[in-house]
Amino acid sequence: MISSLHIEDLAVDRGDRRLFAGFGLDLRAGEAVALVGRNGAGKTSLLRAVAGFVRPAAGRVRFAGAAGDLDPDEARSGGVHLLGHHDGLKTTRTAWEELLFQVRWTGGSRAGAEAARERLDLGPLCDLEVRKLSAGQRRRLALARLVASPRALWLLDEPLAPLDAARRAAFGALMAEHLAGGGLILAAVHDPLPIAAREAEIGA
Amino acid sequence: MTGFLVLFRRELALAWGRGGGPLLALAFFACTATLLPLAVGSQPARLAAVATGSAWLALALASLLSLERLFAQDYEDGALDLLALGPAPLEAVAFAKCLAQWLAAGAPLAFAAPLAAIALGASTALAPLIFVAALAGGLGFSFTGGIGAALSLGGRRGGVLIAVIVLPLFAPPVIFGAGAVEAMAGGLDWRTGLMLLCAYSLAAVALGPFAMAAACRNALS
């Protein structure tokens with residue numbers, strides 16, 4: 001279980017261009033950080049570097065548990081949810097099939113998926129193919145896996161963009177619950193998060 | 001292990017739907033068996049001579065057809081991120097995807113291959129060998145083709161790239177497989193060719209996932 005995330009003096013390159021350098025951040029259990037910055041500053045790349053996809057040019061990302069540092073690969077494969085611009089849903093499968101797969105693949109159970117379905121009000125959508133869902137409905141479907149399978153660190157990239165005001169508030173409640181349970185949230189945003197969050201600016 | 005099974009079930013369902021799944025095999029062989037006599041002439045002797053070879057050609061091309069979407073779809077819709085953060089390493093993910101691809105597309109092609117060859121005039125005595133060789137060859141096609149599919153991720157015109165990458169990798173199984181069937185038809189020793197074919201396919205199964213996982217990591221970064 002990840003109890004804190006430490007980003008130390010991180011630099012990331014895209015091609016020949018340095019996106020940002022010297023970025024540092026400490027995130028502890030129960031904390032949320034809103035990552036802000038202009039378009040192209042490297043918010044997505046930072047999230048992908050924390051998830052282990054982008055290799056940093058300098059610096060490092062550490063995950064710590066109750067008993068000291070964790071192996072980064074194990075921490076990522078068992079303790080990190082990444083929700084990017086794309087929802088990772090297959091358009092030809094039904095919403096429920098995709099939800100159940102995403103939940104079980106990330107370590108949750110069928111019961112957890114059913115609870116998340118009720119919680120995010122996905123019941124009426126479950127029998128529909130994903131291609132028939134709107135952008136906001138797809139995002140809610142993708143968010144359901146965060147709720148259903150318990151992983152400590154949520155990396156969110158513009159999580160609220162397609163959601164309407166009521167759903168944003170509802171998702172704020174879910175985030176607050178996650179933090180109260182010892183979770184960590186790092187979210188790249190342009191609009192403020194619906195919960196109390198520290199701000200970290202990238203590429204300032 | 002449960003994670004792997006969950007993924008495998010999903011991949012099988014996706015592969016079954018992707019590009020028509022098993023129906024594609026039948027349609028492809030129907031096309032080959034119909035067009036070949038029109039292209040090379042309908043004399044039975046001439047058709048019988050190319051019957052087994054054309055079955056292999058159809059097998060290789062049909063495998064190629066469904067490969068393009070193997071990783072590209074997951075890459076484009078963001079599912080590859082999710083797969084990379086799961087309980088199983090990307091090597092296991094690649095293995096599951098290729099195995100599912102083989103079961104959903106390769107195995108039906110293997111069933112259709114002897115039918116097409118016989119329809120074109122091959123001896124019915126060759127049918128069991130054509131089936132076994134197509135089954136083993138399809139396994140090799142799936143796991144070597146997966147390497148091409150993974151390497152072409154993120155590139156424009158990925159389909160063209162896949163064809164160019166996998167063409168040399170597809171050559172050995174075609175040589176060994178078609179060679180074994182030809183040898184049996186000519187009363188020669190066919191076991192060597194079949195064993196070489198199986199060895200090639202098993203080597204692809206053993207090594208391919210590592211190459212695919214490396215290519216996927218590269219595409220994700």
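Let's start where the two chains meet: across the interface of chain B and chain A, seven residue pairs are in polar contact, with both partners at pLDDT 80 or more. That confidence value is a reminder that this is a predicted model, so please read everything below as a description of the prediction.

On the chain B side, helix H1 (2-17), helix H4 (69-77) and helix H5 (79-84) each supply at least two of the residues that touch chain A. The largest share comes from H1(B), with eight residues. By type, this side of chain B divides into 14 nonpolar, five polar and six charged residues. Counting both partners, the contact takes 25 residues from chain B and 24 residues from chain A.

How much area is buried between the two chains? The size of an interface is often given as the accessible area lost when the parts come together. Here the area buried between chain B and chain A is about 2100 Å², and carbon and sulfur atoms give 63% of it. Arg10(B), Leu82(B) and Leu85(B) supply 34% of the area that chain B buries against chain A, more than any other three residues.

Charge pairing is part of this contact too, with four salt bridges counted between chain B and chain A. One to look at on screen joins Lys90(A) to Asp74(B), whose closest N and O atoms are 2.6 Å apart. Another involves Arg10(B), which forms a salt bridge with Glu98(A) at a closest N to O distance of 3.6 Å. Arg10(B) lies in helix H1 of chain B and Glu98(A) in helix H3 (residues 95-105) of chain A, so this pair joins two chains.

Glu11(B) is buried, as is Arg10(B). Step back and you can trace a network of salt bridges that links Lys90(A), Arg93(A), Glu98(A), Arg10(B), Glu11(B), Asp74(B), Asp77(B) and Lys97(B).

Over all chains, the structure holds 20 salt bridges. One of them lies inside chain A, where the side chains of Glu8(A) and Arg62(A) meet at 2.9 Å, N to O. This pair links distant parts of the chain: Glu8(A) sits in strand S1 (residues 4-14) and Arg62(A) in strand S4 (residues 58-65), 54 residues apart. Glu8(A) counts as partly exposed because its relative accessibility is 28%.

The largest nonpolar core has 106 residues, and the members that touch the most others are Leu5(A), Phe23(A), Leu153(A) and Leu186(A). Helix H6 (residues 90-119) of chain B gives the largest share of this core, 15 residues. Apart from this core lies another, of 37 residues, including Val36(A), Ala144(A), Leu156(A) and Ile195(A).

To finish, take a closer look at Leu5(A). Leaving out residues up to four places away in sequence, Leu5(A) touches Leu25(A), Asp26(A), Leu27(A), Val50(A), Val61(A), Arg62(A), Phe63(A), Leu153(A), Leu184(A) and Leu186(A).

How values were computed: Residues are numbered from 1 along each chain as its sequence is written. Chains are lettered from A and ligands numbered from 1 in the order in which they are written. This is a predicted model: local features need pLDDT of at least 70, side-chain atom pairs count only at pLDDT 80 or more; totals for chains, interfaces and linings use all residues. Side-chain values use heavy atoms; hydrogens and water are left out. A nonpolar core is a set of buried Ala, Val, Leu, Ile, Met, Phe, Trp, Tyr and Cys residues joined through side-chain atoms within 4.5 Å. Buried means under 20% relative accessible area, exposed over 50%, partly exposed in between (1.4 Å probe, protein chains only). Helices (H or I, at least four residues) and strands (E, at least two) are DSSP runs, numbered from the N terminus. Contact means heavy atoms within 4.5 Å. Buried area is the accessible area (1.4 Å probe) that two parts lose on being put together, summed over both. A polar contact is a pair of N or O atoms within 3.5 Å; within protein, one must be able to donate a hydrogen and the other to accept it, and residues adjacent in sequence count only if both atoms are side-chain atoms. Ala, Val, Leu, Ile, Met, Phe, Trp, Tyr, Cys and Pro count as nonpolar, Asp, Glu, Lys and Arg as charged, and the others, Gly among them, as polar.
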